[in-house]
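Open the model in your viewer and keep the selection tool at hand. The stops below say what to select next and what is there.

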Amino acid sequence: MGSLKRYFVPGLLPALIIANIITATAAFILAVNTHFPDAKGFWLMSEGINAGRFSSWYFLDTYYPETLRTPGYPLLLALIKLFNSSPLFIKIIQLASYFISLFLCFKIVNKLSGNNNKSSIVFLCLTAINIQIPYYSGYISSDIWCIFFTAAIIYVLVIKPKTIKNGLLLGILAGLNFIMRPAFLLFPFVITLWYLLFKRDQLKYISVHLIVFCITLLPFTYWNFKNHNSIQPTPIEGGAGVAHIGYWSFRLPKGYQENYYWGNVVPDDLTNPFTF
């Protein structure tokens, strides 16, 4: 096989960047014209926050405080809506956050590959044909922000010097990521364990990150205690409803519709190996 160098012609990198912009924008447009089931709940929570109540049922005389989600994304929506309440405006900001995430990941790949051009080209080729991730930017959903904060965390871990200041920044980013998506909860502890096992000379740096992260858990933990009498940093419902529906999905007859929770319908799933 000939050398791969002949493929790295002048102008290839700008062409791949343009290809990424085109495919990401196309995915964004597709998502903007598609209904996302969770969007209404997020939107109502942001309205509730602006009304002084963290709840998707804030408009009721006797409302109940939110049980399903953390307040990170609704808070961000509420903040953006102070300037412009258009859903399209919010989604355009999210598309910009995707491009920033892409740039951060490009820098990470460059660093980990020793500034190897081949790795950068392969990375941009893969992202140019990937529509799944930028698709989230066109939804009223916390997913794209979790992607952004995850990229930012890895960027700080890989590229930034291991200083106390950057440890503080890392902890704040981890807290923001958690408050967007509570599934991120254990990740900072796993990172700290890895440093404890393999990078003990940098324990002060990573310990600052963990302490700051734990501090960011306190406000929502206190809110849960005050409103639900439960001392926990995650929503009191969490994924229990999803797990319950998932457990029963293949145990219910085809066409069954659940009318009491999310209105889920049991389809005729050809991929189910337990049916004839």
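Select N110, which sits in helix 4 (residues 87–112). Helices here are DSSP runs of H or I with at least four residues, strands are E runs of at least two, and both are numbered from the N terminus. This is a predicted model: local features need pLDDT of at least 70, side-chain atom pairs count only at pLDDT 80 or more, and totals for chains, interfaces and linings use all residues. Residues are numbered from 1 along each chain as its sequence is written, and side-chain values use heavy atoms, with hydrogens and water left out.

Is N110 buried or exposed? N110 counts as buried because its relative accessibility is 14%. (Buried means under 20% relative accessible area, exposed over 50%, partly exposed in between, with a 1.4 Å probe and protein chains only.) Now show its contacts, meaning heavy atoms within 4.5 Å. Leaving out residues up to four places away in sequence, N110 touches N115, N116 and S120.

**Stop two: helix 7 against helix 8**

Two packed helices are described by the angle between their axes and the distance between the axes. Select helix 7 (residues 143–159) and helix 8 (residues 164–180): their axes come within 9 Å and cross at roughly 160°. Axes are lines fitted to C-alpha atoms, for helices over the stretch in contact, and angles run from 0 to 180 degrees between N-to-C directions. The crossing angle therefore makes helix 7 roughly antiparallel to helix 8 (over 145 degrees; under 35 is roughly parallel, 65 to 115 roughly perpendicular, the rest oblique).

Colour the contact residues. Helix 7 contributes W145, C146, F149, T150, A152, I153, V156 and L157. Helix 8 contributes N166, L169, L170, L173, A174, L176, N177 and M180.

**Stop three: aromatic pairs**

How many aromatic pairs does a search of the whole structure find? The search finds 18. Rings of Phe, Tyr and Trp (its six-membered ring) pair if their centres lie within 6.5 Å; planes under 30 degrees apart are stacked, over 60 edge-to-face, the rest tilted.

Select F42 and Y73. They pair edge-to-face, 5.0 Å centre to centre with 90° between the planes. F42 lies in helix 2 (residues 39–50) and Y73 in helix 3 (residues 72–81), so the pair ties together parts 31 residues apart in sequence. Both F42 and Y73 are buried.

Go to W145 and F148. Their ring centres are 6.0 Å apart and their planes at 80°, so this pair is edge-to-face. W145 and F148 are both buried.

Finish at W57, Y58, F59 and Y64, which ring pairs link into a cluster.
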